[in-house]
Amino acid sequence: MHDMNRDVARHLRLLGELLEISGKEPYKIRAYYRAADTISRLASPVDDMDEARLTDLPGIGENIARKVIEYVKTGAIHELTELEESVPSGLVGMLDLDGVGPKTIHALWTKMGIEDIAMLEKAAKNRRLRALHGFGPKKEEAIIQAVAGYRRKTSRMTRKEAEELIGRIEPAFPGKNFTVAGSFRRGRSTIGDIDIVSTEAPARTNALLQEVADEIIDQGERKTSFSIGDRRVDVRFCTPAFAGTMLLYLTGSKQFNIKMREIALSRGEKLNEYGIEDREEGRTYTFPDEASVFSFLGMDYIPPELREDQGEIEHARRHTLPELVRETDIRGDLHMHSSWSDGALSIAELARLGEERGYEYIACTDHSASLGVAHGLDAARLAKQHHEIEMSNRSHSCRILAGIEVDILGDGSLGLSGPVLADCDLVIASVHSGFKQDRDVMTRRILSAMENEHVDIIGHPTGRLLGKREAYLVDMERIISAAADTGTALEINASPYRLDLDDIYVREAHDHGVMLSIGTDAHTREEAAAIRFGVGIARRGWCGKQDILNTRPFKGFFT
Ligand code: DGT
Ligand code: CA
Ligand code: CA
Ligand code: ZN
């Protein structure tokens, strides 16, 4: 369809929907829907139709024809703009919910004052909708489900959710011959959909997928798409002979693929999923793995985490790629909570967990007692904790560092006094309250924490919670340059719900010579394994071993 026709149809439909939401005359509304339908089916573009030609079309009268022309000329329909401004802005968004139409929205709004998805969800969960004519417990439940589905569709997955989904999909690949590609393989902090390259027999996998998929979107010998838990999965089948180019293509990113294809072209070669065609020789080379593709093109192997067309391709051609930090380089976790505050593990359990993970040290960084965080430690309890840590360190090879995660208060001062902080081995300072401050205030607040001589690390520097809370407003450029000046490390909080700092800031920090520190913020055993997510982000930020604080051996850690 023509872009313009699609836009015009969408705007006419929205005009009808808004009229219906506001409770206007039904005949007028139907006219807009009908006109939208007509235009969306039209073979020729409306751009160059005059009023006479438009009114010849079925269902389009003078009034609507003028609106079409107005849209083509100005990119807007005045009446629609006015209508949009006259109703609460959240009403239209409710149209995105499965099974909720303009008529329902009209009733919800006028009879219950519901103006957006959040209010609707709350009313459904509090069982208030059933008071409305035509609504019952079933409909309430359907709305709760529709909101959940909408949230999943519009939000990206955490890496944890993606891993859980992959675990559910695995049985469809009994030979284990599959690789998860796409943004997941590149180590991105959030995942849109899951892409898989498989060398298994398509027929068998397709049959097995019937068991794990919620809905098969499209099934074939070359590719299959399905949904699971409202998430999308794309599978590409290939033979081992050309798995290299297939995996390279499906790992992306798109920008990376485009640049790689350009490089091949400049050599007189055509790169695609199936191989590299030498146009002069008229033959196609195939590659069983990615390494052989890179070497054929005269490049060093580019780790998936760097494949974003951010300079890595040029470095690979000049053989100057950095050596990235690996999970095995990590000698300890610099952010964990114990049962002294809101964690599940005792100090001794932390030490044993560290031994199991092969760590030399773990920083126990419980919360300080101040506004906002439950079970925080005051100076007296912190001193008691230090005693317990000393005891543990006598009998465990994994040393516990007596750390603290101290609150950065609203005015930039810290939740514990200087002498108390001086007694700690490691001080993380974090914002846990007053997220709504404006950019300049927040920036100065964090800067003053960095200037405090006792602060070693700024915890989760932007404060975002993926899918739940936006980062607070803060000037990261200034934070990064102050980190360089004061020698304060910035945390890569490895929790899959945070991943904060994210890759772009990590790269910037790295470029400014700032030290980064990876901590899981774990409150349980399982969460300690999140360190791998943090390492992925560090790699995406071009960090080597030397850029990460906790690759340092325990001896020399404080020097
Ligand atoms: P996502 O799913 O939003 O987290 O991000 P990706 O990177 O996984 O993107 P997706 O799933 O749309 O596509 C998977 C890979 O396929 C992508 O990383 C590169 C490749 N790809 C997708 N679309 C294009 C395209 O238009 N051109 C080229 N050259 N490659 C593409
Ligand atoms: Ca994807
Ligand atoms: Ca995809
Ligand atoms: Zn925290």
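Leaving aside neighbours within four places in sequence, which residues is Ile-518 in contact with? In this predicted model, the partners of Ile-518 are Ile-330, Asp-333, Leu-334, Ile-492, Ala-494, Ile-531, Gly-534, Val-535, Ala-538, Ile-548 and Asn-550, where contact means heavy atoms within 4.5 Å. Ile-518 also belongs to the largest nonpolar core, which has 63 residues. Along with Ile-446, Met-450, Ile-458, Leu-490 and Leu-516, it is listed with the most contacts inside that core. A nonpolar core is here a set of buried Ala, Val, Leu, Ile, Met, Phe, Trp, Tyr and Cys residues joined through side-chain atoms within 4.5 Å. Buried stands for under 20% relative accessible area and exposed for over 50%, with partly exposed in between, using a 1.4 Å probe and protein chains only. Apart from this core lies another, of 47 residues, among them Ala-9, Leu-15, Leu-18 and Leu-19.

Residues are numbered from 1 along each chain as its sequence is written, while chains are lettered from A and ligands numbered from 1 in the order in which they are written. As the model is predicted, local features need pLDDT of at least 70 and side-chain atom pairs count only at pLDDT 80 or more, whereas totals for chains, interfaces and linings use all residues; side-chain values use heavy atoms, with hydrogens and water left out.

The overall picture comes next. The protein has 559 residues, of which 50% count as buried, and its C-alpha trace spans about 90 × 70 × 45 Å along the principal axes. Its secondary structure comes to 23 helices and 17 strands; helices (H or I, at least four residues) and strands (E, at least two) are DSSP runs, numbered from the N terminus. Among contacts with a separation of 6 or more, 66% are made by residues 24 or more positions apart.

The calcium ion (ligand 2) and the calcium ion (ligand 3) are 3.8 Å apart, and Asp-193 coordinates both. Donors are N, O and S atoms within 2.8 Å of the metal (3.2 Å for Na, K and Ca), and sites may look incomplete because water is not among the atoms.

The zinc ion (ligand 4) is coordinated by Glu-405 (OE), His-432 (NE2) and His-460 (NE2), at 2.0 to 2.3 Å. These donor residues are spaced E-x26-H-x27-H in sequence. Glu-405, in strand β13 (residues 399-407), and His-432, in the loop between β14 (426-430) and α20 (439-451), are 27 residues apart and link distant parts of the chain. Glu-405 is buried, with a relative accessible area of 1%, and His-432 is buried too, at 15%.

Most residues other than glycine have a negative phi, and most peptide bonds are trans. A cis peptide bond joins Gly-252 and Ser-253, with omega about 0°, and Ser-253 is found in the loop between α13 (243-251) and α14 (254-266). Another cis bond joins Asp-500 and Leu-501, with omega about 5°. Asp-309, although not a glycine, has a positive phi of about 55°; its place is in the loop between α15 (290-296) and α16 (312-318). His-319 is likewise not a glycine and has a positive phi of about 60°, in the loop between α16 and β11 (332-336).
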